[in-house]
Structure formats: C-alpha cells, structure tokens
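Q: I would like a close look at a single part of this model, with the cut-offs behind each term spelled out.

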Amino acid sequence: MNKLDYFNSLLSSVARCNICQRMCNRKKVLSVLNGNISSKVVFIAEAPGRLGAECTGIPLYGDVTGNNFETLLANIGWSRDDIFITNAILCNPQDDNGNNSTPTHEEISNCSYYLEMILELIKPEVIVTLGGRALEALNNIESHNYELRNDVATLVPWHGVKLFPMYHMSPRAAIHRSLTQQRADFISLSHEVSPKTGIKKQENNRRQQLKDVSKLQAKIALMVEYIVFKAKRISFFKLTKLLYLIDYNYLNRYQQTMSNCIYLRMQEGPWIPYLKNIVHENDKIHTAMIGRQPILMSTSFGETLNLSKAERDFIDQFVEQYKDATEGSIKTAVYMTAPMKYILRQENAGRSMLKNPVIYKNLTIEELDN
C-alpha cells in the first residue's frame with residue numbers, strides 16, 4: 001500500500017471512531033487539509049478548537065489561535081503546504097455549556113493509536129509539540145521525561161526522531177510565553193530543520209552562527225571601545241544605557257541599529273546579553289574601582305577609526321550629552337523612549353515582560369508584538 005492509500009485508509013478508520021462518548025458525534029479533524037504527508041516536520045497541538053478546526057476542518061485555523069499560528073509560521077517563511085498539523089485528540093472536547101474543554105487523559109490515550117499511525121505514515125524528522133498536553137500525549141507511544149518549561153525550543157531525541165517542544169499559541173498560553181518569545185522559538189526551529197529537506201547539518205549551522213555572532217560582537221566592541229575612549233571614564237550601567245540610546249535613535253533615523261544587537265528587558269532596563277564578555281575581552285579597556293563603583297577607562301591614546309566618521313559623529317553627540325549625567329537621569333531618558341513606555345504599560349497591565357526583546361532585528365518591542 002502506498003503512502004496516499006495508507007492515509008485514505010486511516011481517514012476511513014478515524015471517520016468511524018466512536019470510542020470517546022462525549023466526542024463520538026464530533027467532527028474528526030483529519031483530512032488532506034491537515035497538510036503535507038511527505039513533510040519532514042509534524043506539528044501536534046492539543047485538540048481542535050470549537051471556533052476553529054471544529055468549524056473549518058483545518059487544524060489551527062479559523063480562530064485567534066489559528067491566526068497566531070499563521071503569523072508565526074509566515075514569519076519564518078513556511079506555509080501549511082510545507083508541514084503536517086494534527087492534534088493529540090482529533091475531535092473537539094466541549095463541556096456541558098458547549099465551551100472548549102481540556103481533553104482527559106483517557107481521551108488522549110484513546111486517540112494515541114491514531115497519533116502513532118499518523119507519525120508512522122509521515123515519518124517526520126522533527127515533531128513539534130504545541131503545549132504541555134501534546135508533549136504528554138507522546139508518552140502513550142513511548143515514555144519520556146521532557147517538560148515544557150525546561151525543554152522549550154530545544155531539539156531533543158525521542159522514539160528515533162527529534163522533538164521540539166513549544167508552547168501553544170492560544171491567548172491563554174501567551175500568559176506563560178508571549179508571542180514575541182514564541183516568534184523567537186519559531187526562528188530557532190527554522191534554524192534546526194527544513195520541512196522539505198529535514199534536519200540541517202549542525203556543523204555548518206554552528207559555523208554560520210559563530211560567524212554571525214563574531215560579526216555582531218566585532219561592531220559592538222568597536223562602539224564600546226569608542227564610547228569609553230570619548231567618555232574617558234564611565235560606569236558599566238551608564239554604558240549599557242548609552243548604547244541603547246545610541247542604537248534606538250540610530251534606528252529611528254536610519255531604520256536600522258548601529259550595532260545590530262538584541263536588547264532584552266532586564267531589571268535595570270535594556271541590556272545586551274553578551275556585553276560584559278565584550279568589555280572584559282577588550283584590551284583597550286580596563287576596570288578600576290572608584291569607591292564601590294567599577295568604572296571603565298580607556299587604555300588607548302587614539303580614536304577607533306574602524307567606525308565610519310558618520311558613526312563616530314553620531315556617537316559623539318550622545319557621549320557629550322550624557323557623559324556627566326547622573327545614572328538616574330540617563331535611566332530616566334531610557335525609560336522615556338517609546339519601547340520602554342510600551343513595556344511599562346504592559347507590565348502595569350499585569351504582563352511579564354522580563355527578558356523580552358526591547359529591540360530585535362531592527363524592530364522595537366511594540367512592532368514585534370503587533
């Protein structure tokens with residue numbers, strides 16, 4: 001029996017299923033609309049949604065969750081024709097009021113036979129689970145000890161293939177992992193696998209990543225070196241804020257940052273994750289303790305000419321403005337920028353924004369969120 005015939009046979013079997021009492025008359029969401037049965041990537045969600053797949057017959061389509069999935073998928077250049085999407089259970093579970101309900105362990109166990117047959121048919125190289133229930137459902141096929149909070153967006157081995165656990169993109173799940181973070185997870189997934197050709201060779205992938213990081217660090221290292229030289233002495237705290245103000249204003253003027261670095265929302269404001277390493281590894285900068293405060297000072301007697309004159313001129317205006325400013329005043333200037341105002345509004349509304357990107361790939365947090 002060829003692959004298509006096997007799939008059609010499986011569809012006939014699913015259509016006649018009446019094992020779960022509360023769902024025996026529900027639509028079985030498994031058809032050619034689920035995607036490409038030759039894909040190297042299979043997505044497994046929890047269950048069809050009442051306003052989405054239950055109505056359309058297309059998994060992760062037709063409701064808010066489906067819209068989020070479409071956006072995340074398009075962001076990495078993938079389409080539904082590239083992948084296959086299914087659920088831990090194939091019917092929509094509803095409570096007595098007709099609302100979406102969480103499938104029981106028994107219902108997931110009942111449907112695990114179909115899930116196993118789907119995976120055996122497609123033979124993906126990577127299985128992407130969306131949410132904790134989908135990850136747990138695989139225990140019915142072969143047990144594992146993976147947990148979503150510990151293994152999210154990590155390629156791990158399971159049953160002869162690779163798993164890539166991710167959070168669900170429903171509005172409820174976004175409380176635990178924002179869509180901005182999920183966007184980054186999808187980007188990580190695209191770096192690991194292609195739905196058409198399978199898992200990417202990690203050696204080449206790693207070399208390219210190191211090359212990209214080296215290029216980024218080289219530019220930010222020059223900026224740091226020049227700022228410390230021009231300021232003569234500056235605290236690490238002020239350096240981080242000054243870099244952000246320079247990059248944010250450069251982005252507003254030229255539609256790209258000068259450093260091309262990511263700034264994360266940390267407790268003390270925007271932060272470049274690997275900045276400390278860059279400072280410590282630069283032999284033109286040394287740290288001196290003045291009182292209890294570590295102060296960065298330049299050991300160089302000449303300007304860094306590897307930055308263009310236009311870049312040096314742009315940096316000069318901010319160094320001149322803030323080199324004698326107090327840490328409190330430069331922090332205020334940072335928090336008055338549009339991205340930080342947006343973050344504060346979200347936090348005041350109860351949303352956790354810690355470690356979210358303030359600026360990433362020349363986009364601000366507000367642009368990333370929308």
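Which helix gives the largest share of the lining of the largest cavity?

A: The largest share, 4 residues, comes from helix α4 (residues 105–122), where helices (H or I, at least four residues) and strands (E, at least two) are DSSP runs numbered from the N terminus. This is a predicted model, in which local features need pLDDT of at least 70 and side-chain atom pairs count only at pLDDT 80 or more, while totals for chains, interfaces and linings use all residues. Residues are numbered from 1 along each chain as its sequence is written, and side-chain values use heavy atoms, with hydrogens and water left out.

The structure holds 1 cavity of 30 Å³ or more, a cavity being a set of points, on a 1 Å grid over the protein atoms alone, where a 1.4 Å probe fits but cannot get out. The volume of the largest cavity is about 150 Å³, taken as the space filled by probe spheres set on the points, with grid points joined across faces, edges and corners. Its lining numbers 15 residues, and those nearest the centre are Cys17, Cys20, Cys91, Cys111 and Tyr114; a lining residue has an atom within 4 Å of a point. By class, the lining divides into 11 nonpolar, 2 polar and 2 charged residues, with Ala, Val, Leu, Ile, Met, Phe, Trp, Tyr, Cys and Pro counted as nonpolar, Asp, Glu, Lys and Arg as charged, and the others, Gly among them, as polar.

Helix α4 also lies across strands β1, β2, β3 and β4, running at about 165° to β2. Contact here means heavy atoms within 4.5 Å, and angles run from 0 to 180 degrees between the N-to-C directions of axes, which are lines fitted to C-alpha atoms, for helices over the stretch in contact.

These strands belong to an open sheet of 5 strands in the order β2-β1-β3-β5-β4, with mixed pairing, two strands being paired if DSSP finds at least two bridges between them. At the edges stand β2 (84–87) and β4 (156–158), each with a single partner strand, so one side of each has no neighbour in the sheet. Neighbouring strands of this sheet are turned by 30° against each other on average, direction ignored. Within the sheet, strand β1 (residues 41–45) runs parallel to strand β3 (residues 126–129), and 4 bridges join them; there phenylalanine 43 stands opposite valine 128 in β3.

How values were computed:
On a 1 Å grid over the protein atoms alone, a cavity is a set of points where a 1.4 Å probe fits but cannot get out, and a pocket is an open set with protein on both sides within 12 Å along at least five of seven lines; lining residues have an atom within 4 Å of a point.
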